[in-house]
Amino acid sequence: MCIAEAVFWLPDKKGIDVMMCRGVRGATTVTHNDRDEILEATRQLLALMIRQNDIDPKDVASAIFTVTGDLDAEFPALAARQIGWMDVPLICTHEISVPGSLPRCLRILLHWNTEKAQNEIHHVYVRDAVRLRPDLCQVPEIDWKELEQWIEQQMAGMK
């Protein structure tokens, strides 16, 4: 899907809903530049973004994964493939290196086709990344064990 196709329907005078391509942001941190830790943190962040917004992968136009320069043990986009996002275009890149910025941070930007208004989108910032956008950190209490069970179910569907 190209950006020019972001609007699927235009509203008419009868008030038909408009489906737009919206951005959903999220960020998290890891303690070490470790492949397994990067993948686990990325899967958790992506799962929270999906669940907070009720995202169906069929409606995701694309996803951008960024990491700070101190993370290079794995491509974080692999985590999306691990939970079944085989048809979603994914790309990884480095975050701009700004002196004093948050280390060992990975970010996700999803481009999602939805009828939700911009102010209905729930962005997700967890772990030390809450420092980036404290105004957007109203994530309900996270049951990490239950979240991991949900992720395992998604990954089992891939086998």
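Cys-105 is buried, at a relative accessible area of 0%. Here buried means under 20% relative accessible area, exposed means over 50%, and partly exposed lies in between (1.4 Å probe, protein chains only). Cys-21 is partly exposed, at 24%. The structure holds zero disulfides, a disulfide being a pair of cysteine sulfur atoms within 2.5 Å.

The model is predicted; local features need pLDDT of at least 70, side-chain atom pairs count only at pLDDT 80 or more, and totals for chains, interfaces and linings use all residues. Residues are numbered from 1 along each chain as its sequence is written, and side-chain values use heavy atoms, with hydrogens and water left out.

Confidence is given as pLDDT, the predictor's score for each residue from 0 to 100. The chain has a mean pLDDT of 87, and 86% of its residues reach 70 or more. Strand β2 (residues 60-67) has the highest confidence, at 98, and helix α3 (residues 144-156) the lowest, at a mean of 85. Over residues 1-10 the pLDDT is below 50; beyond near neighbours in sequence, this stretch has 17 contacts in the model. A contact means heavy atoms within 4.5 Å. Helices (H or I, at least four residues) and strands (E, at least two) are DSSP runs, numbered from the N terminus.

Five strands form an open sheet with mixed pairing, in the order β3-β2-β4-β1-β5. The edge strands, β3 (90-94) and β5, each pair on one side only. Helix α1 (residues 35-53) packs on this sheet and touches β1, β2, β4 and β5. The direction of α1 makes about 30° with that of β4. Axes are lines fitted to C-alpha atoms, for helices over the stretch in contact, and angles run from 0 to 180 degrees between N-to-C directions.

Strands of a sheet pair through backbone hydrogen bonds, either parallel or antiparallel. Two strands count as paired if DSSP finds at least two bridges between them. Strands β1 (residues 20-29) and β4 (residues 105-114) are antiparallel and share 10 bridges. Within this pairing, Thr-28 has Leu-106 as its bridge partner in β4. Arg-25 is bridged to Leu-109, also in β4. Strand β1 runs parallel to β5 (residues 124-125), and two bridges join them. Here Ala-27 has Tyr-125 as its bridge partner in β5.

Thr-114 is found in strand β4. Thr-114 is buried, with a relative accessible area of 6%. Its contacts include Val-18, Met-19, Met-20, Arg-22 and Ile-121, not counting residues up to four places away in sequence. The side chain of Thr-114 also reaches the backbone nitrogen of Lys-116 at 3.0 Å.

Glu-146 lies in helix α3. Glu-146 is partly exposed, at 31% relative accessibility. A polar contact of 2.7 Å joins its side chain to that of Arg-51. A polar contact is a pair of N or O atoms within 3.5 Å; within protein, one must be able to donate a hydrogen and the other to accept it, and residues adjacent in sequence count only if both atoms are side-chain atoms.

Asp-54 is exposed, with a relative accessible area of 67%. Arg-127 sits in the loop between β5 and α3. Arg-127 is partly exposed, at 36%.
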